[in-house]
Amino acid sequence: MKPVRKLASLAVVGALALATASCAESERGDGGEGGGDESTFTFGAAGAPEMFDPLYATDGETFRVTRQMFQGLLGIEPGSAEVIPELATEWTSNEDGTEWVFTLRDDVTFHDGEPFNADAVCANFERMFDQNEAGQVAAEYWGYVMGSFKNDPEGSLYKSCEATDEFEATVTINRSTSGFPTMLTLAALAMQSPKAMEEGNANDIAAQGEGFSFPDYAQNPVGTGPYQFVEYDQADGNVSLEAYDDYWGDAPASDKLTFRVIPDESTRRQELEAGSIDGYDLPNPADWPGLEESGNSVEVRDPFNIFYLGFNPEANPQLKDLKVRQAIYHALNREQLVQTQLPEGAEVATQFMPSTVSGYDSALEPYAYDPEQAKQLLEEAGATGMTLTFAYPTEVSRPYMPDPQQLYEALRTNLEDVGIKVDVKTASWNGGYLDNVTAGKYDAYLLGWTGDYDSAFNFIGTFFGNLKENDFGTEVMPWGKKLADDLQAADAIVDEDERATAFEDLNRQIMEEYLPGLPISHSPPALVVGPDVEGVVPSPLTAEEFSTVSVGGQ
Amino acid sequence: MTPMSYADRRKERIDALAAGSVDETPGVSLIASAWRRLRRDPVFLIGLAITVVFVVLAIISPWIAPHDPAAAPLLDKVRPQSNPVPGPEAGFPLGADDRGRDLLSRLLVGSRQTLVVGVVATLFGLAGGLVLGTLAGAFAGRVDSVVMRIVDVMLSVPSLLLAFTIGALAARPSQTTLIIAIAVIQVPIFARLLRGSMLGQRSSDHVLAARALGVKQHAIVFRHMLPNSLGPVIVQATLVLAIAIIDAAALSFLGLGNPDDRQPEWGQMLGRSQEFIYDYPHLAVYPALCIIVVALGFTLMGESLREALDPKTRR
Amino acid sequence: MVRFIVRRMLQMAGVLVILSVLLFVWLKALPGGPVSAILGERATPSRRAALEAALGLDQPIHVQYLRFLDRALHGDFGASTGVLPGEDAFHVFLIRLPATIELSIVAITLAVALGIPLGYFAARRKGSLLDSGAVVFSLIGVAVPVFFTAFLLKYFVAVQWQLLPVSGRQDARLDATRVTGLFVLDGILTREWDAAWDATLHLILPALALATIPFAVIFRITRASVLDTLDADFVRTAESKGLTTKVIRGRHVLRNAMLPVVTTIGLSLGGLLAGAILTETVFSFPGIGDAIAQGYREKDYAVLQVLILASAAIFVIINLAVDIAYAIIDPRIRTR
């Protein structure tokens with residue numbers, strides 16, 4: 001026993017010595033205990049942010065944070081998907097829609113004191129365009145909307161940027177598209193301080209193992225927004241932001257903004273009820289009534305998504321017959337599905353995009369639930385008793401499909417009612433499901449899409465605009481090429497009204513003549529905040545700005 | 001008591017049990033004397049009662065369950081928002097789960113899959129342990145030391161971490177991967193147990209006698225040594241079953257369980273209930289209570305069996 | 001002694017290398033992974049191929065493993081893709097480790113503070129109501145899944161009665177200075193008493209839940225050990241010498257009974273790691289266990305791989321340390 005005692009006392013003495021010797025300084029500011037009279041809005045996040053350079057961000061948790069610190073040339077009207085001026089006050093283009101002149105605000109500074117001007121805008125565009133190998137993959141949204149980077153100028157939508165005046169930037173693009181300049185509302189393409197980016201080697205991103213390692217800048221972001229970055233405490237999963245004193249617009253309602261990572265859904269709810277966070281995103285619909293009962297407000301956003309059943313005629317040739325696809329559509333009781341399986345505010349879809357997008361054809365009627373007609377169509381097509389390999393993802397909840405298995409079971413029952421044999425397939429969302437869908441392994445599958453910005457092409461163009469690579473296997477259909485070409489052509493129309501009409505026509509054709517997949521529903525994602533929180537404006541694009549949010553009536 | 005490491009402690013616990021099969025004349029007297037004491041042991045009787053009820057339930061539940069556990073008679077009442085979990089009503093004394101399936105039927109029939117997971121995992125673990133343990137115990141020498149190295153390495157990792165790792169390595173979680181994950185952590189336990197018991201018998205009178213009579217090696221192993229190890233194996237299996245059922249629940253909770261819930265299983269029901277735990281905690285409490293009671297039953301029975309068979313307490 | 005340690009270290013290194021190869025090859029063979037996680041609905045075959053090429057995932061598996069080894073030897077274990085995206089996987093381990101250490105220390109302290117006295121008094125009054133009650137209690141403790149205990153504690157104490165915080169390590173609104181990563185200690189060192197107090201409150205519930213595992217073990221070992229000692233010859237001798245009960249209990253029984261208990265305590269620390277996976281998940285307590293569970297959910301294979309290896313290593317090291325400590329305390333063991 002004795003040596004133990006000796007050891008123990010030695011350890012205690014050592015620890016004490018260490019503690020007194022290194023007695024650390026508190027790094028708290030003058031605010032002292034608890035932060036005094038500063039107001040803080042604390043939001044519960046579902047996952048850790050990737051980093052804070054929006055260009056390399058890919059997920060909603062990261063964008064939610066960067067959106068408070070960064071702004072784009074164009075903004076989004078709070079509460080809608082409409083484009084409004086932000087850092088640019090106005091913009092005009094030449095006749096063929098390839099040269100765009102942006103007039104900039106002249107009263108904006110970055111958080112590091114640097115001025116915001118046309119040079120800064122062009123520095124940003126050039127920086128985003130000029131990415132190394134890792135950066136080209138990590139800058140997921142730029143690649144997605146612009147096509148390619150500096151080493152492949154042919155494939156790129158972006159061509160050049162020129163500072164034509166101190167507060168006037170001219171951006172040239174290679175072809176006209178409906179996506180430009182609307183795509184400048186994307187959080188990923190926000191304006192960042194050129195000086196800070198240079199000092200922090202913002203472009204020095206590298207692949208490391210299966211992920212990316214990010215440069216210093218990504219941990220010290222500098223933007224123009226109402227809030228500036230303070231720190232990211234990885235040990236406890238907290239991101240803190242504070243109001244930027246020289247912000248050009250109205251000062252934010254809360255002095256501080258904190259994001260706290262709580263991966264478990266039911267724990268987020270409990271934390272809200274306990275009052276240690278002031279809100280969180282995507283509450284489980286089952287929790288809505290309970291949350292409201294205890295005084296919280298559930299803010300339901302307008303649906304800006306589409307949930308669909310995709311087909312792959314390549315995997316199952318019977319699906320090449322339009323009658324078979326129509327039969328399956330008539331077999332689905334979507335009215336009941338929306339009522340019983342989806343949260344309040346969900347709608348039956350009539351086409352592959354929500355009604356708020358321009359190019360939506362309001363004249364289209366939903367395919368009726370009619371099992372008899374379904375059976376008849378199947379018989380006509382000689383496909384009675386056909387087998388369908390039909391898949392759904394596990395371990396995932398998307399805004400358009402809160403509980404995939406539950407939705408799947410309802411649809412499967414519908415299919416079996418008309419005599420279709422369903423071969424049930426399943427895989428976890430990022431553990432094989434998406435791989436299998438893109439690789440065309442399933443005859444039919446459940447998937448969806450949330451719009452990035454107000455553009456018809458962002459929906460149907462994504463689905464069918466790329467003939468070689470799309471999840472619907474339209475390449476093997478006789479009309480596949482025509483549809484892709486028509487979509488590209490419509491996208492290139494410069495005049496907005498003309499373009500909207502073209503997309504309306506295409507929507508009708510897709511639903512009546514092609515039916516490459518079955519649009520099922522649109523669901524409203526919600527956001528919940530505590531009883532004393534005011535000023536939250538829910539955004540259909542889930543692009544809420546928290547600068548108007550106050551806690552406790554301050 | 002000599003000090004020992006974690007693995008040593010686990011080893012000694014197992015070895016003590018193995019010793020139970022050695023020093024007494026095998027057969028009736030051992031069982032009879034144990035039974036004589038167990039019959040009057042209330043702890044054992046409670047454990048036995050719980051176990052019997054559980055096993056009987058697992059067998060007959062499909063016939064006594066009021067509804068098909070996979071059917072969703074109350075699906076029409078499910079509203080994801082206003083009524084995600086339908087409450088009790090006539091014919092559905094406990095209400096339904098979030099997919100409109102009768103909760104009572106699922107709990108009843110759930111006993112079956114729970115038993116299947118526990119028993120099959122234990123059987124697999126036993127089979128693996130049997131192979132390794134017999135190899136080591138029957139041949140001793142080099143085979144023994146190689147096999148025991150493997151077993152010791154497995155014993156030196158916390159069992160749930162090992163099970164989690166194995167489960168995580170499956171391409172897709174399923175009931176099979178769950179069973180395998182749990183079975184693997186039992187292999188070293190049974191292996192060590194059987195080896196200890198056999199090594200002990202190698203020099204016992206009846207084996208020496210058989211050998212002197214010219215009985216072949218494999219016959220000695222299978223006819224004489226193995227059957228004599230049965231007592232401690234059964235005790236260990238009872239204890240392991242309880243742990244298997246709890247571990248299955250833990251793995252389900254972590255997302256390593258069977259994603260297909262048409263055939264209910266308690267661990268899976270408990271794991272899946274997390275989503276509704278705030279407003280509908282009964283979805284978690286019922287299966288949890290079932291697991292606790294059954295695990296307790298097996299533990300009580302196993303612990304009293306162990307005590308009854310322990311040569312130290314018998315003296 | 002030195003040879004003993006060296007041999008054990010070599011053995012451990014061998015086991016870890018084999019484990020790392022197995023983990024690496026196996027995890028690679030799994031479908032999905034970081035590429036799907038990054039691309040989501042925007043995935044197309046060509047985008048997927050580009051991402052895989054950039055991450056080197058298109059190489060044959062042995063090339064990938066050699067690269068991994070090469071990088072690992074330079075202290076680069078691959079970047080996390082889900083738990084702390086962009087952070088080196090080993091760094092994730094270091095960031096998350098203090099939380100688990102803090103939690104384990106409190107849990108083991110609770111288990112000792114409850115288990116030893118209870119075990120001692122249960123043994124002193126063997127067969128009494130206290131004894132059987134405590135035994136049954138410890139058996140129930142074994143039969144209740146840890147995450148369910150954790151859930152009950154959270155639901156009642158934190159949510160219904162609002163006595164303690166629900167989850168996490170510290171209130172996000174506290175502006176606390178970080179020094180060691182052990183939040184309570186940090187608060188004391190920097191004299192930010194509110195931060196230290198808040199971190200302490202956050203520890204209580206997860207530690208209580210986690211403590212149920214070692215508590216049951218410590219209680220039973222104490223009880224058994226005290227019973228053994230009470231029966232031992234030297235206690236009988238002491239009794240026959242007419243020593244007072246107080247002296248016997250204090251000097252002989254307790255001291256001799258404690259030896260195995262002390263080992264158990266040391267060793268339970270390693271076993272806590274497994275329990276931490278469950279407890280930390282329930283309390284969203286950002287430690288190693290939570291990271292392992294989250295790494296699995298999000299297919300963050302870099303983190304999963306490093307954390308499993310590191311946990312196994314920690315466990316083996318603790319075992320080794322206990323063995324060495326014993327070899328020092330008790331010379332008899334060296335002859336084994």
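Guide: Two strands pair if DSSP finds at least two bridges between them; helices (H or I, at least four residues) and strands (E, at least two) are DSSP runs numbered from the N terminus. This is a predicted model, in which local features need pLDDT of at least 70, side-chain atom pairs count only at pLDDT 80 or more, and totals for chains, interfaces and linings use all residues. Residues are numbered from 1 along each chain as its sequence is written, while chains are lettered from A and ligands numbered from 1 in the order in which they are written.

Visitor: In what order do the 6 strands of the open sheet in chain A come?

Guide: The order is β16-β20-β15-β19-β17-β18, with mixed pairing. At the edges are β16 (347-348) and β18 (421-428) of chain A, each pairing on one side only.

Visitor: How do β17 and β19 of chain A run?

Guide: Strands β17 (residues 387-394) and β19 (residues 444-450) of chain A run parallel and are joined by 2 bridges. A391(A) has Y445(A) in β19(A) as its bridge partner.

Visitor: Switching topic, is W288(A) buried or exposed?

Guide: W288(A) is buried because 21 other C-beta atoms lie within 10 Å; buried requires 20 or more other C-beta atoms within 10 Å of a residue's own, exposed 12 or fewer, and partly exposed is in between, with C-beta atoms placed from the backbone. This residue belongs to helix α8 (residues 288-293) of chain A.

Visitor: And how far apart are W288(A) and V528(A)?

Guide: They are 240 residues apart in sequence, and their C-alpha atoms are 8.5 Å apart in space.
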